[in-house]
Amino acid sequence: MSPSKNKRQKTENGHSNGDSADELWEIDEETLNSGAVGFTASQLFIKNPACVAYTYDDIIMMPGHINFGLNDVDISTKLTKEISLKVPFVSSPMDTVTEHKMAITMALQGGIGIIHSNFTVEDQAEQVRKVKRYENGFITDPICLCPNSTVADVLKLKEEHGYSGIPITDTGKMGGKLMGLVSSRDITFITDTSVKIKEIMTPREKLSVAKKGIDLHDANEILKETKKGKLPVVNEKDELVSLIARTDLLKNNEFAQASKDPVTKQLLVGAAIGTRPEDRERAAALVEAGVDVIVVDSSQGDSVYQLDIVKHLKSSHPKLQVIAGNVVTPSQAIHLIQAGADGLRVGMGIGSICTTQEVCAVGRAQASAVYHVAKFARKYGVPILADGGIKSTGHITKALSLGASCVMMGSMLAGTDEAPGEYFYQDGVRLKRYRGMGSIEAMSKGSEKRYVWENNSAHSIKVAQGVSGAVQDKGTLLRYIPYLVQGVRHGMQDAGVKSLDETWDKLYNDKLRFEIRSPAAQKEGGVHGLHSYQKRLF
């Protein structure tokens, strides 16, 4: 067919006549409706005669037209009605995932961390305070030793944490009077590990220190002048209040994306509570500590216990943002929205360490759960948090494209440097412990309230809804989160959407297209046909 004849045919069909180089032709309705370019979310999830629920792996997004650069993709979002994030990532309130170090780094990278509740009330509140007290470049909870500690103690800390620049205080704890500093060069030639630190440390009078209130610029100047790796910060009583490390100063110089309170400029942080009466006192302590959002943590969120505590939180702490859940259907969600929830957590039995669907025979495939709850909650302006089932950046992109405002991750973050626990080696692989909050081990530490609402008698039997395991080392979040961000941006660019708002507009106007993948298609879409391969994330 000649170009001129093709141009005439397009004009007769009502499309572009080709006169403008910038105007692109569009697919005719017959082709569009044939399934040649995929199917709408409505066709997949609503017009569903087979009554099938879908997971992330079951679906694939159709590519769109790219007319923008990768850096033009905006993934800023809403965590709740009032809290905005630059990055739609939330760390799960699990005791092998989120404590203050994870929460600090997540907030610095534009997301947020939710402190788990397997703490005493006082300890969980202190975890929140550590995040709120954090100042960029200042270590507010350094590991300390006392003068009577030994070289063996230093070597043990170096093996566990990878550093040996340790402040020495009279109490061996943060807040004690500064007595000295021990570094790797102090112990290099010491063969007797029973030698006490006070005999080899650099004493207080020879240390360069900074006074409380110093800013990062001045601290950096002191480090430049003294050529030291560590700079203790003390108050007027010469008590240690923080520590500045040259390496951290270089790494943490600027975090433009950081999630901060617009007024106080403190990092944002969340915390989890249960639904028992005593959790009201826990919530009050967390609010006093400065928590920004509370996640009411239940495996099945549609209960009178959760409705009562959500109503209590919204009436007793009107400015507090509350995320309720977990839910997987609109019929669950409507009760929590009615109670005043500012956000919803979606997912039941789909985490890598969760056995709820196997044990209890209740739950839902996550792609279907996210789509239906997000579509319903949107009517009330309530964002949803896709919780669980995330194994790759592709899963994150799919969750967001199905209506989730954020994703909550557990196993994806559990192997990072900032996650609680120590690394260990198994078959030559560097690992960290990871366990479900429904595992017997986690339940014994207090997480049973997530699965059993009444106070159990002494003879009650715990039914595990999770397992314990290990995940591979992923390095520091300072490298890992940027990798995840870039992966999501690539996915959105390939789908032809520049922002999450545009994604959802196309989703609900049947412009975003998907297909269901057969088992063979899923296999084809992964690595295959190789004798062996090495998979590197970044």
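S411 sits in helix α16, which spans residues 411–414. This is a predicted model. S411 has 19% relative accessibility, so this serine counts as buried, since the cut-off for buried is under 20%. UniProt, in an unreviewed entry, lists S411 under "binding site".

- Setting aside residues up to four places away in sequence, S411 touches S352, I390, Y434, V471 and K474.
- S352 and Y434 are also on the UniProt "binding site" list of the unreviewed entry.
- G388 lies in the loop between β17 (384–387) and α15 (393–401).
- G388 counts as buried because its relative accessibility is 14%.
- Beyond its neighbours within four places in sequence, G388 is in contact with Y56, I350, Q366 and M408.

- G349 is found in the loop between β16 (343–346) and α13 (356–360).
- C354 has its place in the loop between β16 and α13.
- Is G349 buried or exposed? G349 is at 17% relative accessibility, so this glycine counts as buried.
- C354 is at 22% relative accessibility, so this cysteine counts as partly exposed. The line between the two classes is drawn at 20%.
- G349 touches C354, T356 and Q357, not counting residues up to four places away in sequence.

**Nonpolar cores**

- In soluble globular proteins, nonpolar side chains tend to be buried together.
- The largest nonpolar core here has 96 residues. Within this core, F89 and L344 touch the most other members.
- Which residues does L344 contact, leaving aside its neighbours within four places in sequence? Among them are I323, A324, A333, L336 and I337. The list also includes V373, A377, V382, P383, I384 and L385.
- Another core, of 14 residues, lies apart from the largest one. Its members include L268, A272, V295 and M408.
- M408 is also one of the contacts of G388.

**The second largest pocket**

- Rolling a probe the size of a water molecule over the atoms shows where empty space is left.
- The second largest pocket holds about 930 Å³ of space.
- Its lining is made of 25 residues. E26, G64, H65, K506 and K511 lie nearest the centre of this pocket.
- The elements giving two or more residues to this lining are α2 (29–33) and α19 (500–508).
- How many residues of each class line the second largest pocket? The lining has 11 nonpolar, 6 polar and 8 charged residues.

Technical notes
Residues numbered from 1 in each chain as written. Predicted model: local features only at pLDDT ≥ 70, side-chain atom pairs only at ≥ 80, totals over all residues. Heavy atoms only, no water. Core = buried A, V, L, I, M, F, W, Y, C linked by side-chain atoms within 4.5 Å. Buried < 20%, exposed > 50% of the residue type's maximum accessible area, 1.4 Å probe, protein only. Contact = heavy atoms within 4.5 Å. Helix = DSSP H or I, 4+ residues; strand = E, 2+ residues; numbered from the N terminus. 1 Å grid on protein atoms, 1.4 Å probe; cavity = no way out; pocket = protein on both sides within 12 Å on 5 of 7 lines; lining within 4 Å. Points joined across faces, edges and corners; volume = space filled by probe spheres on them. Nonpolar A, V, L, I, M, F, W, Y, C, P; charged D, E, K, R; others polar. UniProt positions renumbered as here; feature names shortened; annotations may be inferred.
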